[in-house]
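This report describes selected features of one protein chain. Please consult the sequence and the structure shown here before reading on.

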Amino acid sequence: MTARVLLGLVLGAALAGGALAPLTAQRVPGVADLVVVNGTILTMDRADTRAQALAIRDGRIVEVGSNDVVRAWAGPSTRVVDARGRTVIPGLIDSHVHALGAAPVEAVRPFRTLASVGELQEWLRDEARRSPGPGWIWSPRVYPTRLKEGRFPTRAELDAAVPDRPAVADGAYAFVLNSAALRAAGITADAPDPVGAQIVRDSRGEPTGLLRNARAALARYLPAPTAGLPLEQIEALHRVYLESGITSVVERGASVDGYRAYEALKASGRLHVRATVTLMLPAGIQAADAVRVIEALPLKPGQGDERLKVGPLKLTVDGGILLGTSFMREPYGPQSRALYGVQGDRYRGFLSVPPEVIHAVMAAGHARGWQMSAHVTGDAGVDVVLDAFEAAQRAHPRPDARHTLIHAYFPTPEVARRTAALGVLVDTQPAWFYKDADALIAALGAPRLERFIGVKTWRDAGVRVALNTDHMFGADRDTAMNPFNPFLTIATAVTRRTESGRVLGPSEAVTRLEALRMMTIDAAAMSFDEANRGSIEVGKLGDVAILSDDLIACPEDRIRHIRSDVTIVGGIVVR
C-alpha cells in the first residue's frame, strides 16, 4: 500500500468518526503540496499548542510541528512558504456577511458613507439629477448614530432636498420619508400602523415621516432588483475577504436565488472562499404557513460540501439598536428622544413579528432538522426567542441543534446561563460597539452600554460565541458601513475601545486568544464545521493566514492594523 493511499484511509476514518483522531502513530511521510516553515503558529487546538511549521497535501493538513519534522514532507514539487517568524493562524471565519447585498450596490454605484444630514441632502439632490423621473429615491444606508447631528433627518430636511418626488432615508429598521413619499404610500393621519411596524406621529396625530420596522409595508416601493446577481462583483468582494485573511464566510440572509448564485460561482471555479448560506424566511410569514413555507424549500439542511453548503434558516424578530427599534425589557427612557425620536417614557421597542409566529416558525424548522437562527437585538426579544427554542426542543428533542441568536446585544448572566443550558449559540459584532457606542451611551445610559455586546458574559456562562462583522455595504474593509476588518473585530473585543478612544465596559473584554478563537474554531462550530476547519490540526482543511504582525504581542493599538500577508485556502496560496 502506498503512503498516499494509507494517509487517505487514515484521514477518511478520522473524518467519518466526526472527530479528528490523532495521527501521530499513523503518519506516513510523503510529499506535501505546500509547507509553511519558520512560523509562530497559533494552532487554536484545545491546548492552544504552538508550532513552527505545517504541511498540506491534497487540501488538508498532514503535519504540524517543528521545522525539521515538517521539512521531511518537502519534495521537488513542494511549494515552501517561509513565514520568517510571523504569526500563522487558522483561516479566519466571518460568520455574518451580506456579500449578496453588497455586490449589487457596488456594481451599480459604489456605496458612500453619509456622515451628516447635509451630506444626505447633497446625495439625494445628486441622485434626483442623475436619475430623473417620478420614481422613488432611496438613500444609502444611514443610521442616526453615524450622523454628525446625532439624530434622524427630518421630513422637512428631506423635502428641502427633494420636494417633488418620493425620497427615503433608509435605515433598514427605521425610515424617514419626505412628504411626497408619505403621500405616495398613503400614509396619512388616519392610516393604521402596519403589522409589526409603527408610524411615528406628532402631537396632532400627523405622521412625522419616521417609520419604524416598516420595510415590509414599503416593499412595493423598493428599487427593483437587477436581473440576476453580479457574479463578478461577488467574486471580487470575496477576494477582498481573502486579502484580510478570511477564508470562510457565512452569508447571513439569502434567498434561494442567492444560494444559486453561490452555486454558479462554484460551478465556474470562481468561489474562492468557503461559504455557508443562511436562508432568510419571508417577511410577513404567518404561523399557519410556517410548515408549508419550510417544507416547500428546494434545499435541505446541510446540503452541499466543504466549499459550499446550506446553512440555517433565519427569522427577523425585532429591529436594530442603532435605530431605536430593538425590543427591550426596560423603556428606552427620556434621554433617548434626541437620538431616536422616541415619544413617551414607556416606549421600549417592539417585535416585528408576533410571538406566536416566532414559536410556530422555530418549531416547524426544528422539527424538520433545520438549524434555526433569529435576528434579535433587544434583551426582551431574546427572551421570546429563547422561549421558542425551548418549546421546540421540548416538543421534538434533538441533540446539538445549535440554534443561534444573531446580535443579542445586551446579555445578563441569567440569560447567558439559560442560553448555554439550551445549547444555543450567539453571533455578534464588536465593530458595532466600536462605531456606535459613543452615540449610544447618551441615549441608553452607561449601565446598558457596560454590557453592550458583552462577549465575556456569554463566554463565562459557557455559550459558544462567534465574532463577526455583519458586512453589508462597501468594498473596503476599513471604510465599509460595517467594517469587515477582522482585526478591528478582534481589537474591539480585546480593548472595549470605541472609535473616539473611550473604553466602555472593560469587564467585558476578552484576551487576544479568546477573540481569535471566536473567529476561528468557535465560528466553525456555528456551522457544524469544527471537525473540518477553525484550527491548525492534522486532518483539517489547509486554510491558514500568515499575518503582518504578532497578534499576541503587538501593542493593542496595532491590532486593528494587522494584515494578512499570505492567505492559503486548501493548500493553495490565494493571496
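## Basis of the description

A residue counts as buried when its relative accessible area is under 20%, as exposed when that area is over 50%, and as partly exposed in between. The model is predicted.

Ala 408 is not a glycine, yet its phi is positive, at about 45°. This residue sits in the loop between β18 and α13. Its relative accessible area is 2%, so Ala 408 is buried.

Asn 38 likewise is not a glycine and has a positive phi, here of about 60°. Its place is in the loop between β1 (34-37) and β2. Asn 38 counts as partly exposed because its relative accessibility is 27%. Pro 447, by contrast, belongs to helix α15 (residues 446-450). With a relative accessible area of 64%, Pro 447 is exposed. Between the C-alpha atoms of Pro 447 and Gly 304 the distance is 44 Å, and the two residues are 143 residues apart in sequence.

## Nonpolar cores

The largest nonpolar core holds 131 residues, and within it Ile 321 and Leu 405 touch the most other members. Leaving aside residues up to four places away in sequence, Ile 321 is in contact with Ser 326, Met 328, Tyr 332, Tyr 340, Thr 377, Tyr 409, Phe 410, Leu 440, Leu 444 and Phe 452. Another core, of 17 residues, lies apart from the largest one; Val 36, Ile 41, Val 64 and Ile 536 are among its members.

Strands of a sheet pair through backbone hydrogen bonds, in either a parallel or an antiparallel sense. Strand β17 (residues 372-376) and strand β18 (residues 404-407) are a parallel pair joined by four bridges. Within this pairing, Ala 374 has Leu 405 in β18 as its bridge partner.

Helix α13 (residues 413-421) forms a right-handed β-α-β unit together with β18 and β19.

## A six-stranded mixed sheet

An open sheet is built from six strands in the order β3-β2-β7-β21-β22-β23, with mixed pairing. Its edges are formed by β3 (50-51) and β23 (572-573), each of which pairs on one side only. Inside this order, strand β2 (residues 40-42) and strand β7 (residues 87-90) run parallel and are joined by two bridges. Thr 40 has Thr 87 in β7 as its bridge partner.

## Packing of helices α3 and α7

Helix α3 (residues 99-108) and helix α7 (residues 231-243) have axes that come within 8 Å and cross at roughly 115°. This crossing of α3 and α7 is right-handed. On the α3 side the contact involves Ala 99, Leu 100, Ala 102, Ala 103, Glu 106 and Ala 107, which meet Gln 233, Ile 234, Leu 237, His 238 and Tyr 241 of α7.

Methods
Residues are numbered from 1 along each chain as its sequence is written. This is a predicted model: local features need pLDDT of at least 70, side-chain atom pairs count only at pLDDT 80 or more; totals for chains, interfaces and linings use all residues. Side-chain values use heavy atoms; hydrogens and water are left out. A nonpolar core is a set of buried Ala, Val, Leu, Ile, Met, Phe, Trp, Tyr and Cys residues joined through side-chain atoms within 4.5 Å. Buried means under 20% relative accessible area, exposed over 50%, partly exposed in between (1.4 Å probe, protein chains only). Contact means heavy atoms within 4.5 Å. Two strands pair if DSSP finds at least two bridges between them. A crossover is right-handed if, with the strands pointing away from the viewer, the path from the first strand over the helix to the second runs clockwise. Axes are lines fitted to C-alpha atoms, for helices over the stretch in contact, and angles run from 0 to 180 degrees between N-to-C directions. A crossing is left-handed if the near helix is turned anticlockwise from the far one by less than a right angle, and right-handed if clockwise.
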